[in-house]
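Have the model in view as you read on.

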Amino acid sequence: MGAGIMTQIAFGLSSVLPGLNHLLSRYAESMMWLARYMERIENLARLLEVTEAFVRGPDGHTGWDSIIQLNSDEDRFFSLHDSATEEDVLVFYVTERANPNSIKAMAHSVRENARAVRPLISTEMWMQLNIFTRWVQDLEFSDIRLNSLSSICNRLKQECQTHFGITEGTLYRDQAWLFYLLGKHLERSDQITRLIDIRYHTLLPQEEKIGSDIDITQWASVLRSAAAYHAFRRLQPVTTTPANVVSFLLKNEGFPRSLAINLSQLDSTLAALAGHRSLRRRCSPLQERVAELRVTLLDQTADDIIIRGLHEYMTWIQGQLSLLQADIAEAFWPAMPEKPCASETQMQA
């Protein structure tokens with residue numbers, strides 16, 4: 001059965017045939033998480049590369065522990081490793097299957113989600129993801145030592161960017177595309193707030209003053225971690241201050257990873273979903289939450305955010321994004337009953 005026909009069944013007829021509602025849910029969830037995991041892999045590869053090259057803690061050593069804090073992985077990491085050495089952090093985040101946030105584990109999740117929506121995605125998307133995820137599954141720590149972390153990270157970033165380009169150019173613009181966009185922009189919103197919060201506050205020594213050499217270096221590493229360094233320099237060729245970096249990463253409407261532009265994209269994507277009459281009621285509370293986030297961001301300058309508490313605001317944003325993800329799941333793929341009826345079990349199989 002062709003992808004176009006499957007799309008009509010999953011997304012067009014679900015409101016007419018209630019027994020097919022779960023198809024919409026399964027496809028929507030897989031499309032969203034496919035996008036989120038690919039964004040997360042690219043972001044993590046960039047963080048590892050930038051950390052090795054530029055990030056130094058107060059003691060002058062590479063700040064590997066900041067990646068653990070950024071991903072809120074302290075408990076899981078220290079249950080598997082004694083200290084945040086370079087080798088342990090790289091194993092944990094690249095090849096360790098026991099860590100669901102490792103690149104290898106996320107690549108497995110990408111493949112499984114892509115397999116779940118195989119009737120909906122293009123042949124080009126499937127082939128590229130298949131080759132990419134197989135390569136990641138074969139990665140071992142010895143490969144990092146042999147080829148260098150930088151070359152491995154560059155390959156990961158290029159593969160992710162190739163995926164995004166193929167998806168942009170070949171994925172049919174139906175509800176599957178919209179749920180993919182939701183995942184992409186939700187993940188970017190979450191990652192940029194975590195980056196600003198953790199990178200700066202965990203790496204800047206307390207005794208250092210704003211504008212010192214180490215302060216400027218830390219903010220430059222934040223920009224590089226967001227792939228924002230060159231774009232930022234186009235607007236600010238000389239001055240690097242906490243306020244203008246925060247303003248750029250949170251409020252700039254031209255940088256594709258800024259919080260402002262990704263909240264805007266979330267808003268427009270939800271509006272497109274709400275254009276489908278059967279989904280309007282589900283989208284309304286989601287749109288209200290995104291609108292509130294956009295208003296709070298619009299009503300404050302970067303200086304206001306820093307003065308009132310950068311950490312507190314980033315924490316609040318992350319909490320709201322987490323609630324938004326939960327609301328999306330509740331609206332479109334609510335938890336199945338513990339004991340589904342026989343017909344549902346057969347449909348799931």
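A crossing is left-handed if the near helix is turned anticlockwise from the far one by less than a right angle, and right-handed if clockwise. In that sense, α14 passes α15 in a left-handed crossing. Helices here are DSSP runs (H or I, at least four residues), numbered from the N terminus. This is a predicted model, in which local features need pLDDT of at least 70, side-chain atom pairs count only at pLDDT 80 or more, and totals for chains, interfaces and linings use all residues. Residues are numbered from 1 along each chain as its sequence is written, and side-chain values use heavy atoms, leaving out hydrogens and water.

Look at α14 (residues 259-274) and α15 (residues 280-298): their axes come within 9 Å and cross at roughly 160°. The axes are lines fitted to C-alpha atoms over the stretch in contact, with angles from 0 to 180 degrees between N-to-C directions. The two helices α14 and α15 are therefore roughly antiparallel (an angle over 145 degrees). Their contact (heavy atoms within 4.5 Å) includes Leu-263 and Leu-270 of α14 and Leu-286 and Val-290 of α15.

Now turn to α6 (residues 103-116) and α7 (residues 123-137), whose axes come within 9 Å and cross at roughly 150°. So α6 and α7 are also roughly antiparallel to each other, and α6 passes α7 in a left-handed crossing. Among the residues that meet are Ala-107 and Val-110 in α6, and Trp-126 and Leu-129 in α7.

Key. Angles under 35 degrees count as roughly parallel, over 145 as roughly antiparallel, 65 to 115 as roughly perpendicular and the rest as oblique.
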